[in-house]
Amino acid sequence: MASKPGATARDFYPVTGRSSTGGTYDRIPVEELRDNYPYHWSLFVLGYAWVKGEPIPFPKVVQPPLKKSISLMEIGGIHGRPYQEWAGDRRTPKEAEADFSHVDKKDTNPSPSRFGGYCNHAAITFPTWHRPYVMLIEQAIGDYAENIAQQIENSHPAEVGLWVKPAKEFRFPYWDWADPKVEEEGFPSLFYTPELTITATGHKTVTVPNPLSFFKLDYIPGDFKDTTRNGVTAHFSVWPRTFRHAADSPNPGESNIEDLQKTLKAQAEDLRTKVGMLFSFPDDADPAMTYDQYSNTRNESRQEDDNTTIGSLEGVHNSIHGAIGGNGHMGNPDYAGFDPFFYFHHTNVDRIISLWDWCYTKYWMGDGYTVEGVDYSWTQQFGTFAQAYNEKVTEDGEFGLLVPWRHPDGTYWTNKEARFLTSDAYPKYYSYKEFLGVKVDKPATTLQQQQEARARISKFYSVDPQTSAHNTGPALSHVPVPGVGEVDLPTNFQSIRGFRLFIILARLPEHAFGRSYNFQVFYKEILVGNITVFAREDDSPCKACAFRRDSASLVRGVISIPPRYVNQIIVESGIDRSKNNMDITTGLVTKALSGKLLDLSGKVLASAKGGEDVAAVPAGKAAAKRVQPVEITLLSSAVAQHANDKNQPVYFFDWKPHKGLFPSGWKAESIEATKAH
């Protein structure tokens, strides 16, 4: 293609994925890549070490030069610090000129700061912007793999046919952190062991340094800053490498994998359920508003009286950042992109996007949303072209530009081009291994196919009300559930009698503590669920974050209470269950729960006790209003199933708001949570 006027091919690095291979191949689970694809695995490990700037020597292979734009130091910095343009973008003079203002301090200060980052969090662009991001590192490693595979076969005649084909087929692997096995097995050792085993020439195996365990920074940028919160410091200004769950030390030695495993396993059921619920949206909802709720935590289109809630993809994504990062790089948006695990995480996020798009192809952001006949254009495109260079917004919604990802002709990707199954979609050259009958690059031909796939996916990720209703027994039998004729249900659907799903809806100040933090709910000291607020520090140069901070933005998250806990609460209460009703049940549930706000190191910031009969927290011990959750509400939904076809997904209906969980208030457990701070 011809270059854009004013630009040359040397000026930018176009994101085209594995276009050089001429075909579409699957991204597969990383453990399967290791176990079943020895040459793919070797090339991947060698390629990852190369983008880190630490190439692993290989017999008769000359390491190709590593362009700055595709080094992990440069790719990782796209997500946050250091706040400078990605080397692969390279604006044209005309683009740069549009960013200058004689009255703007960003241009007239003695040390002008012209760049506001590429933040696409808490926005409808969250799924679309991160897709080319993963394609970028997939492209870099893939091109390297093709280069050295050809060298190996050229210099080792006996190896011809073993390396070049896998190099073309290679696509970036994923790790499904919501798989049921995670609850027992936790974080795979391949992400943290010092060495990995790969296949070399002559069918031999060798051990090599593990490039997936951490990244040794090429240098420590000047804007990397230590953060001391609640008595715990993350020493970003001096840590020479990335850490997960790091100790409070300038030299913590290694990541605390034991603490990581404990955190991840405790959240595993909640993570799994969050993913399953994403495939529980009904078929008759508003397309743009549904996409808004699914795609991000800010949910611009949500109305105050909208009590239906399923959760968001960004929300469950945030929890993984917190669980894996702890007091380390993954837990902070400004540093997360440097951790090698970041890209496995986002490949799985992209896989969920692909499955969701296959199941819900008609749900899309469009140009905006409509409420009571009034059209609203999206206003949360901050982080795209507008915020990256402080320019005036010219287009938004599906036409919004995904800076800094360029096409070969120099134009930027748009939201609609980042989709998978529509006519506007730009070629991706990857798919995902078939999952429960779904091949994401082959569109469904009927609505029934989509519905049945949703049912399978939801059950795999533990959203299975039919089984839960059977297993919980009669404890909820007197809680009202509308029957046939009382409410409008899809044709041939009937309610599951004596069963309701209870969900906690939380709306939390995004910048309450000036960094990432967790909201957690407990039952008998058992973690019921977690919501991670994934936020940058208050002094971050991120312009999109500054806008949301100034507007006191809220993030929205949900926690599904496992039905067995509700059953246990009712049974152990000793009530006469024949006299049970909704008020009694919700009163028992709220009384049995407690809440905590914690930083990612595990330090408690504030706490609350559930129930209406708990004494109010004294004013002198109360947490400051600025850090308290704005809303923690118990909701419930009845569930309907198809009368004859068990392959159909369940239908959530009769959503009802109940009691606030913590009416007695929040007690400050840290100086950060006090009014005096």
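Analyst: Buried area is the accessible area, taken with a 1.4 Å probe, that two parts lose on being put together, summed over both. The size of an interface is often given in this way. Between domain 1 and domain 2 of this predicted model, the buried area is about 2,500 Å², of which carbon and sulfur atoms give 59%. Residues are numbered from 1 along each chain as its sequence is written, and side-chain values use heavy atoms, with hydrogens and water left out. In this predicted model, local features need pLDDT of at least 70 and side-chain atom pairs count only at pLDDT 80 or more, whereas totals for chains, interfaces and linings use all residues.

User: Which residues make up domain 1 and domain 2?

Analyst: Domain bounds come from an automatic or database domain assignment. Domain 1 comprises 25–216 + 285–293 + 307–432, and domain 2 comprises 464–674. Their centres, taken over C-alpha atoms, are separated by 32 Å.

User: How many residues of domain 1 and domain 2 are in contact?

Analyst: Contact means heavy atoms within 4.5 Å. By that criterion, 33 residues of domain 1 meet 27 residues of domain 2.

User: How many salt bridges and polar contacts are counted between domain 1 and domain 2?

Analyst: A salt bridge is a side-chain nitrogen of Lys or Arg within 4 Å of a carboxyl oxygen of Asp or Glu. A polar contact is a pair of N or O atoms within 3.5 Å; within protein, one must be able to donate a hydrogen and the other to accept it, and residues adjacent in sequence count only if both atoms are side-chain atoms. Two salt bridges are counted between domain 1 and domain 2, together with eleven residue pairs in polar contact, both residues at pLDDT 80 or more. On the side of domain 1 that touches domain 2, helix H11 (residues 313–325) gives the most, with five residues. Helices (H or I, at least four residues) and strands (E, at least two) are DSSP runs, numbered from the N terminus.

User: Which residue forms a salt bridge with Arg-81, and where does the cis peptide bond from Arg-81 lead?

Analyst: Arg-81 forms a salt bridge with Asp-539, the closest N and O atoms being 3.6 Å apart. The peptide bond from Arg-81 to Pro-82 is cis, with omega near -5°, and Pro-82 lies in the loop between helix H3 (72–77) and helix H4 (93–97). A cis peptide bond also joins Val-403 and Pro-404, with omega about 10°; Pro-404 belongs to strand S8 (residues 401–406).

User: What do S2 and S3 form?

Analyst: S2 (residues 195–199) and S3 (residues 205–209) pair in the antiparallel sense over five bridges. They form a hairpin with five residues between them, and Gly-202 in the turn has a positive phi of about 75°. The bridge partner of Thr-199 is Thr-205 in S3.

Terms used:
Pairing = 2+ DSSP bridges.
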